[in-house]
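Open the model in your viewer and keep the selection tool at hand.

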Amino acid sequence: MTESAARMAGEANKARRHAMVLHVITRSLLYVIVIVLSFVFALPLLWMLVTALKDDPDVFRLPPVWIPNPIRWANFPEALTIIPFGMHLLNTLKIAVPVVIGTLLSCSLVAYGFARIDFPGRGALFFLCLATMMIPFQVRMIPLYIQFRNLGWLNTYKPLIVPAFFGGAYPIFMLRQFFMTIPQELSDAARIDGCSELLIFLRIILPLAKPSLAVVGLFTFMGSWDNFIGPLIYLNDAKLYPISVALRGFQSEFWEKHLWQYMMAASATTIAPVIIIFYLAQRTLVEGITVTGIKG
Amino acid sequence: MKSRWSRQTVRNAMNGYAFISPWLIGLLLFTIYPIIASLYYSFTRYDIVRPPRWVGLENYATLISQDLIFHRVMGNTIYLVAVGVPAGILVAYLLALLLNNEMRFRPVFRTVFFLPTLVPAVAAAEVWRWVLNSQWGLINAWIKSQGWQVIPFLSSQAWAKNTLILIHCWAQGTAMMVFLASLQDVPRALYDAAEVDGANQLQRFWYVTVPMTTPAMLFLVITHLIGMFQYFTMGWLLTAGGPNFSTEFFSIYLYRNAFEYFKMGYASALSWVLFLIIVTFTGITFRTSDRWVYYGGA
């Protein structure tokens, strides 16, 4: 009796030890996989930074040099002055800032209409709004180009900016999702007090929606920073190019002369603002992605 | 009572349409008009300089029966979608599963996997061009040091498409976040119940995790399908259709016809074919979704 109890206890012990060993193995395996994968995913950007800080001979040394010696910070100012980087940066802002303002103004109004006013035809129109996301830009691209050409807007920023003041399906959808979460009682109380819808929108909803406006604003800014095909089509004059298109033009300046360290310095500078924004607003942005991603 | 109700309806209608009016005007000017115009141009020959000339179905007939490059383009695009969409979604899913485990420094890992999504396409293109360079690029330097043959990532017909798909898989941060949120929404109780029923880890994954994340999968399959059929920027920057048309995808060929050959009518016909393909595939995905998407959670 005692013998069999002892054997059972021993076996239970062995099973527990076995489970613990298994646990340690799976945990270690998990960390190994995550660390290796992180390295793989980070590799291109790490290599960009390392290259951007290299002295010329180091760039072509094989096997590759991982720690530049000497570290050459001068690559950055040199790369950014050989090419008119500042001018292109300013061009990017000249487009991105009005686009953000226009998007926030128009989309918050429209989203308020869809989220908080029960008007006839709302469901169908909102569905139409979502359906327009499915229309490829390529279908609208050619008539828009011709339309803007007839208006004499080619080689100006107007084709890139003006449409932002007339809403966009994705930001409207995002803001509507946020506006829906604000309790209806707040609006009802204001309505009883005789507030107009515009006043409710300005005084109650907008102040509560500041975080969501920030998310949409940041997404719009990053989208505009990254926009390639718009400027490519509407702008011909290289002096007007924003960074997104101009960086490609630097290729002839840098790649062909094998000045890869400069190209990487310019690339790193292009990436930096977006990463800084993400770092500062990480939590809000991640929430923005997930809220609109699936909770629709 | 009835008149009060209708007055309220009228007021709501006026307010509602006033608020959505910017979008309505935009819809007319920047979506509906261009779509109709594009359909019209697709039946014409139009080089911008001279007015459009009606040619009926000629553009469509040409692209179906005569344009051999277009047939190549269709093949390339189908390959890109058929391989790239599942590959991208699979990578995002695996990364999300990995990050769904409790672990130290999880926010750091999450940021590392998400970061590539934030990198503007132009900069990402230059960085990859350098990493994949066949002489001094990091990957080929290592391959050479092993005594193997250098891989012409961007300059061989066999590799170029796959290289672009690999780069696409590298930037799956948004999809990963969507999956991660979906994974974290799976109620613990379901796992506990499955465990009580004697399900092992693999069974718990297959019978609980997978069904509960199918709504997120549907969303991502649709957005990825739409996006992949329109794939342009990275391809245009890195290979611009080459070598020998092996990465000439639908949107690249369309852009070339419109803005390099100024065949606006032909390009419009292409854009309508693209539109119909996208609508068809999205429709099929929605139609079949009730067979594989599980909404038990909602």
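Select domain 1 and domain 2 of chain B: their C-alpha centres lie 39 Å apart. Domain 1 covers 1–34 and domain 2 covers 60–292, with bounds from an automatic or database domain assignment. Residues are numbered from 1 along each chain as its sequence is written, and chains are lettered from A and ligands numbered from 1 in the order in which they are written. This is a predicted model, in which local features need pLDDT of at least 70, side-chain atom pairs count only at pLDDT 80 or more, and totals for chains, interfaces and linings use all residues.

Next, show chain A. 72 residues of chain B are in contact with 69 residues of chain A (C-beta atoms, placed from the backbone, within 7 Å). Helix α1 of chain B (residues 2–41) gives the largest share of the chain B side, 20 residues. Helices here are DSSP runs of H or I, at least four residues, numbered from the N terminus.

Now select residues 173–184 of chain B, helix α8, which has 12 residues and reaches 16 Å from first C-alpha to last. Nine of the 12 are buried (20 or more other C-beta atoms within 10 Å of the residue's own, C-beta atoms being placed from the backbone). Among them are Met176(B), Met177(B) and Leu180(B).

Methods. Helices (H or I, at least four residues) and strands (E, at least two) are DSSP runs, numbered from the N terminus. The expected span of a helix is 1.5 Å times one less than its number of residues. Two residues are in contact if their C-beta atoms, placed from the backbone, lie within 7 Å.
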